[in-house]
Amino acid sequence: MRWAILALGLMVLGACTGKPSIDDAALSERKLNLEEFFDGRVTAYGQFQDVLGTVRRRFTVEINGTWDGQTLTLVEDFVYEDNSTEQRVWTLRKTGPDSWEGTAPGVIGTATGQEKGDTFSWQYTIDLPVPDGTLRVTFDDWMWLLSEDRLLNRAYIKRAGIDIGDVIITFEKQ
C-alpha cells in the first residue's frame, strides 16, 4: 500500500513540474532558423532519463539534413550504448514564417512546431521502438539555440497522459 501511495505521489509531482512556454521571455538575441541549422551535417549526443531520475539509455545521432527551399529532410542515424541502431527520416515542411509540420515513420498523424527567437517547440505522438517492441508516447520537444553551431533539446515524454521521463540532447553543427 505504501508503494502505491508513493507511486501516486510521484506521478502527481511529475505532472506539476513546470514546462517551457513559447511565450517565455527571450534569454538571447539569437534567431533559430531550423532550415539553416539542420542543412548539412549535425552530430547529436543524448540520453533518456525516467521520471524518477534514472538514466536508462544513451545515444549518439548522425544527422544529414537537406533544405530544398520548401522541405527540410533529416536522415537521423542513431547508435545506442548497447550498439543497437535505428534510422529515422523526418520530412518537415515550413507552413508559415515560424511554423512547421512534419512526418516520420512511426509518427501518428502530423508533428507540429513553432519557432520564436532562439526557441523551437515541437509536439508529436510516435510509436517508439524499444528493445521489446514499440511504445506509443507523446513528445513535447523544446530546442534552444545556444550558439551558431550548438542547439540544446529537452523533450518531455508522456505515455497515456502520464510523464514517464525526458530526453536531453545537444546538437552540434559540423
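**Close-up views of the predicted model**

A search of the whole structure finds twelve salt bridges, each a side-chain nitrogen of Lys or Arg within 4 Å of a carboxyl oxygen of Asp or Glu. This is a predicted model: local features need pLDDT of at least 70, side-chain atom pairs count only at pLDDT 80 or more, and totals for chains, interfaces and linings use all residues. Residues are numbered from 1 along each chain as its sequence is written, and side-chain values use heavy atoms, with hydrogens and water left out.

**View 1. Glu35 and Lys94 form a salt bridge.** The closest N and O atoms of Glu35 and Lys94 are 2.8 Å apart. This pair links distant parts of the chain, 59 residues apart. Glu35 sits in helix 2 (residues 34-37), and Lys94 sits in strand 4. Helices (H or I, at least four residues) and strands (E, at least two) are DSSP runs, numbered from the N terminus. Side chains of opposite charge can pair when their charged atoms come close.

**View 2. The largest pocket has a volume of about 770 Å³.** Of the 35 residues that line this pocket, the closest to its centre are Phe59, Arg88, Leu128, Phe139 and Val167. Two or more lining residues come from each of strand 1 (40-50), strand 2 (55-67), strand 3 (71-80), strand 4 (85-94), strand 7 (119-130), strand 8 (133-147), strand 9 (150-159) and strand 10 (162-173). Strand 7 gives the largest share, six residues. The lining divides into 27 nonpolar residues, one polar and seven charged. Here Ala, Val, Leu, Ile, Met, Phe, Trp, Tyr, Cys and Pro count as nonpolar, Asp, Glu, Lys and Arg as charged, and the others, Gly among them, as polar. On a 1 Å grid over the protein atoms alone, a pocket is an open set of points where a 1.4 Å probe fits, with protein on both sides within 12 Å along at least five of seven lines; lining residues have an atom within 4 Å of a point. Grid points are joined across faces, edges and corners, and a volume is the space filled by probe spheres set on the points.

**View 3. Ring pairs link Trp90, Phe120, Trp122, Tyr124 and Phe139 into a cluster.** The structure holds eleven aromatic pairs. Rings of Phe, Tyr and Trp (its six-membered ring) pair if their centres lie within 6.5 Å.

**View 4. Arg57 lies over the face of Tyr80.** Arg57 is 3.8 Å from the ring centre. A charge sits over a ring if NZ of Lys or CZ of Arg is within 6 Å of the ring centre and within 35 degrees of the ring normal.

**View 5. Strand 7 pairs with strand 6 and strand 8.** Two strands pair if DSSP finds at least two bridges between them. Seven bridges join strand 6 (residues 107-116) to strand 7 in the antiparallel sense. Val107 has Ile126 in strand 7 as its bridge partner. The hairpin of strand 6 and strand 7 has two residues between the strands, and Gly117 in the turn has a positive phi of about 60 degrees. Strand 7 and strand 8 are antiparallel over twelve bridges. Thr125 stands opposite Thr138, and Thr119 has Trp144 as its bridge partner.

**View 6. Strand 9 pairs with strand 8 and strand 10.** Strand 8 and strand 9 run antiparallel over nine bridges. Phe139 stands opposite Ile157 in strand 9. A hairpin through two residues joins these strands. Ten bridges join strand 9 to strand 10, also antiparallel. Lys158 stands opposite Asp163 in strand 10. In their two-residue hairpin, Ala160 takes a positive phi near 55 degrees.

**View 7. Strand 1 meets strand 10.** Nine bridges join these antiparallel strands. Ala44 stands opposite Phe171 in strand 10.

Notes: Phe/Tyr/Trp six-rings, centres within 6.5 Å; stacked < 30°, edge-to-face > 60°.
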